[in-house]
Amino acid sequence: MCGTCGCGDDEHITYRKPGQGHSGHHHNHEHTHHHGNTEHSHVHTHEHAHEGHHHHAEDDNAHAHAFHADGYDHHHNHEHDHGHGHSHGEEGHTHTIQLERNILSKNDLIAERNRGFFDALDVLALNLVSSPGSGKTSILEQTIREIGASVQAVVIEGDQQTMNDAERIKSAGAPVIQVNTGNGCHLDALMVSKAAKALELKQHSTLFIENVGNLVCPSLFDLGESKRVVIISVTEGDDKPAKYPTMFASAQLCLINKIDLLPYVDFDVEKAKTCALKVNPGLEFISLSAKTGEGMNDWYGWVKQLKKS
Amino acid sequence: MHELSLAMNIVEIVREEADKIGRCAVKRIDLEIGGHSGVVMEALTFAMDEAIKGTPLAEAKINYHWVEAVAACQECCQEFKPTEFDHICPHCNSMQTYLIHGKELKVKSVELEEL
């Protein structure tokens, strides 16, 4: 499945190591359609579709949820085998299939495979997400220089275009692969799966996945990471967690970068934390500056703590 | 913009079901979209209109069921409607809350007609 359009034809996504030429992908994109036997002599009509799972206050007393009275559908999340009803009329067979299938189920399945792959190799995988320009790559460069060897840092770089970030990471001293998503606004689990294979991950390494700079789309796509780290910088608004709650709700750690600039900007660190805690009370915070090194030891400590556990 | 990815995933899921039956037209698709799923409905409907072109889904009636977010408080056990940027319990001000509904992104059902 292609992350941009889901079509399975991902020719425009490239995976390159610094110094490597552009290698295109060639996929034959074919769909085979099976034509069923349309000769039917049935005359009966039967419906046995499973139509449950829409409960309204007036017809379901078993559930005493507070807001049923407001009149919206109350949906249950539990999984079950999907029902399959079909009727035969003059228009031909009509099949009603109760799928109850998560739209992102394919991505989630691949993400779980990645998670198993990482787990088997004892690899700590961190998904770094932020707006463009918050300093993800700078933090990574500094991290690789300071603790890259001891935690066996390897990097997957996600950007729409260019090898620039991969070159920076390589100079800092870590194995890296650049995923260029073309028009894609996020990395997905399949891209990470392919990139991780190309990286030839070693046991006990730490995989830093630098997602495409975007605080919206990457939040929906599980990559199979152990932890998600959201990064904001003090040159952004301190209400960013309120503006992009989905991302802050899905992360475990928030790095507040560029704190060396705090005297010159209006960013209120406590306000930003309060905003983020409103959607994610379990979120941890580390304030740091990749430029001056302030607070970086706390971040290294957080990573090393995870390596131990 | 991730709505286009979602739309193409929906097309793929429905196409898989259609392929199981054989030559058929997709008459109806029921989708369930949660209020806190991170999806902009206008973007999704726009993306769906594009994604179904030239597929067996092209003539399908697509029903979008919007599921409002509901959260519950672990402290006082009451339910409430959280806003997207504030999940604090309005009854006891606890932050220890969790979403019961609102994350849904689902193909609920499809109706296929054999040709």
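Which residues have the most contacts inside the largest nonpolar core? I looked them up: A:Leu207, A:Ile209, B:Ala7, B:Ile10 and B:Val14, in a core of 101 residues. A nonpolar core here is a set of buried Ala, Val, Leu, Ile, Met, Phe, Trp, Tyr and Cys residues joined through C-beta atoms within 7 Å.

I noted the ground rules. Residues are numbered from 1 along each chain as its sequence is written, and chains are lettered from A and ligands numbered from 1 in the order in which they are written. The model is predicted: local features need pLDDT of at least 70, side-chain atom pairs count only at pLDDT 80 or more, and totals for chains, interfaces and linings use all residues.

Confidence: pLDDT is the predictor's confidence in each residue, from 0 to 100. Chain B has a mean of 94, with 99% of its residues at 70 or more. For the complex I found an ipTM of 0.89 and a pTM of 0.80.

Buried means 20 or more other C-beta atoms within 10 Å of a residue's own, with C-beta atoms placed from the backbone. B:Gly22 follows α1(B) and has a positive phi, near 110°.

Sheet: I traced an open sheet of 3 strands in chain B, ordered β4-β3-β5 with antiparallel pairing. Strands pair if DSSP finds at least two bridges between them. Its edge strands are β4 (79-80) and β5 (97-101). B:Val70 stands opposite B:His101 in β5(B).

Terms used:
Helix = DSSP H or I, 4+ residues; strand = E, 2+ residues; numbered from the N terminus. Buried ≥ 20, exposed ≤ 12 C-beta atoms within 10 Å, placed from the backbone.
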